[in-house]
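Colleague: I'd like to learn how to read a protein model. Could you walk me through one?

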Amino acid sequence: MKKTFKPNFLWGGAIAANQCEGAWNVDGRGASVADAMTAGTKDIPRRITLELDPDAYYPNHEAIDFYHRYKEDIALFAEMGFKSLRLSISWSRIYPNGDELVPNEKGLQFYEDLFKELRKYNIEPLVTIWHFDTPLYLIEKYGGWSNRKLIKFFDHYARTVFTEFKGLVKYWLTFNEINNTIMGLGLFYEAKEEDYQRAYQHLHHQFVASAHAVKIGHEIDSENKIGCMICGITSYPATCDPKDVLANRYQWEKSIFYCGDVQCFGKYPTYAKRLWDEHNVKLDITEQDLIDLKEGTVDMYTFSYYMSSLITTHEIADAVGGNFTTGARNEYLQYSDWGWAFDPDGLQYYLEMIYDRYQRPLMVVENGLGAFDTVEEDGTIHDDYRIDYYRDHILAMDKAINNGVDLIAYTTWGCIDLVSAGTGEMRKRYGFIYVDKHDDGTGTMKRSPKDSFYWYQKVIQSNGQD
Ligand code: BG6
């Protein structure tokens, strides 16, 4: 293999506050929408209950207790040789309701300590400002992101974290998987026109908030590098029927390019009009919004990649999917126990397509396999399926880099087992580190390295050569 990865390539892992910190009501933290989500399974969807249901289990409340155990976890990441850790700040730990003027000092202190701990091991923090966890109060009082007022609250929150963590954090992402809001629309249920209207307006407000955050972040520290974060799913036409080919192009536009184009080019693309007209969407966009979008374009494009999907206009006999999308089964691919397609070539396709379009540094900030793990009697965990998954995706990155793509980071998802965002399960495990915590909330929380832990350590040590 050629020496593909740059010497300063950011190998690492990724986690999110709501899925690992726990301590949901500790040290002044307010509840977020993730705390209102009950546990689900692959077949039973999670519910959002604004009032806590005494008969339900809320897995994010305790999660893996990273809040109290982060030193132990970071030491393990350092042992693997991580160059970077992607994590998120919980908005409601900084502003418990989301609309206060004065931040919660204990929340700020927690993240300052955490970032310093990472720096101690020369691990570069890559910080997501919003990862699916709007403060619950903002949903109850203002109705969430379809209300323009949230832009102002987010600006204030972003300004606070950029100011407080100046010098400690250089790489930032604004909204995690911002495209999810429209990607799944109409796929899982019959969406009405008002659903489209609300979703596109919600997204517009997040675009403006993201552009403001980019501007604020650059103004506070010109060293800051700030990216968008897109849920990257490579889709293919299921047949050579030209209608499928066109449908697939439209899928890319709606699900992938719409957000990337606004955040990288600073304006709505031509096809946006078609997308809006299809559902009679009339957006409230001010002149100032348009200026802000132009001035707040991102420095880098980052994305998650787990799978590909098949698009067809024909009847689908066997639908599969996950992560906000669904489509026909691809007979050339293997699927995980949760129905996610294993498709490393799709990652190469995505990297090359996106780099060509945006010509700015790329980061793969999530990639991984959610699988059942078995703990052997001696405590070892042999997850060769996970090693196979990573090996093939890293080889795909290698090819894309050799073809000219400027890829600067790879942070695997759920480098330590954590609560699944989609199902709320623990048994859907992604980690190199096993956490003894189960779907019913029991477990000792003990951390144990899996075989993949030592394998990834070798990958990092050899900078991807081995
Ligand atoms: C992405 C999210 O959608 O995929 C993560 O950014 C999430 O938060 C990950 O955990 C994997 O999805 P899931 O549903 O298996 O947790």
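This is a predicted model: local features need pLDDT of at least 70, side-chain atom pairs count only at pLDDT 80 or more; totals for chains, interfaces and linings use all residues.

Colleague: How many residues surround the ligand, and which are the closest?

Modeller: A residue is near a molecule if one of its heavy atoms lies within 4 Å of it. Here 15 residues surround the ligand, and the closest are Gln19, Glu177, Glu366, Lys428 and Tyr430. That shell holds six nonpolar, six polar and three charged residues (Ala, Val, Leu, Ile, Met, Phe, Trp, Tyr, Cys and Pro count as nonpolar, Asp, Glu, Lys and Arg as charged, and the others, Gly among them, as polar).

Colleague: Which polar side-chain atoms lie by an oxygen atom of the ligand?

Modeller: Look for pairs of N or O atoms within 3.5 Å; within protein, one must be able to donate a hydrogen and the other to accept it, and residues adjacent in sequence count only if both atoms are side-chain atoms. Asn176 has a polar side-chain atom 2.9 Å from a ligand oxygen. For Glu366 the distance is 2.7 Å, and a side-chain N or O atom of Lys428 is also 2.7 Å from a ligand oxygen. On its own the ligand has 380 Å² of accessible area, and the protein covers 98% of that (areas come from the Shrake-Rupley method with a 1.4 Å probe; for residues, only the protein chains shown count as cover).

Colleague: Now single residues. Is Val262 buried or exposed?

Modeller: Buried means under 20% relative accessible area, exposed over 50%, and partly exposed in between, with a 1.4 Å probe and protein chains only. Val262 counts as buried because its relative accessibility is 2%. You'll find Val262 in helix α9, residues 242–265 (helices are DSSP runs of H or I, at least four residues, and strands are runs of E, at least two, numbered from the N terminus). Beyond its neighbours within four places in sequence, Val262 is in contact with Phe207, Lys267, Tyr268, Pro269 and Leu293, where contact means heavy atoms within 4.5 Å.

Colleague: What about His438?

Modeller: His438 sits in the loop between β13 (433–435) and β14 (447–449). With a relative accessible area of 30%, His438 is partly exposed. Its side chain makes a polar contact with the side chain of Asp436, at 2.8 Å.

Colleague: How many aromatic pairs are there?

Modeller: Rings of Phe, Tyr and Trp (its six-membered ring) pair if their centres lie within 6.5 Å; planes under 30 degrees apart count as stacked, over 60 as edge-to-face and the rest as tilted. By that rule there are 46 aromatic pairs. Take Tyr301 and Phe303: the ring centres are 6.1 Å apart and the planes are at 50°, so this pair is tilted. Both residues, Tyr301 and Phe303, are buried.

Colleague: Last one: which residues of helix α14 are buried?

Modeller: An α-helix has 3.6 residues a turn, so residues three or four places apart point the same way. In α14 (residues 451–461), the buried ones are Ser452, Phe453, Trp455, Tyr456, Gln457, Val459 and Ile460. They pack against several elements, including β1 (10–14) and α2 (66–80). Just after α14, Asn463 takes a positive phi of about 50°.

Methods. Residues are numbered from 1 along each chain as its sequence is written. Side-chain values use heavy atoms; hydrogens and water are left out.
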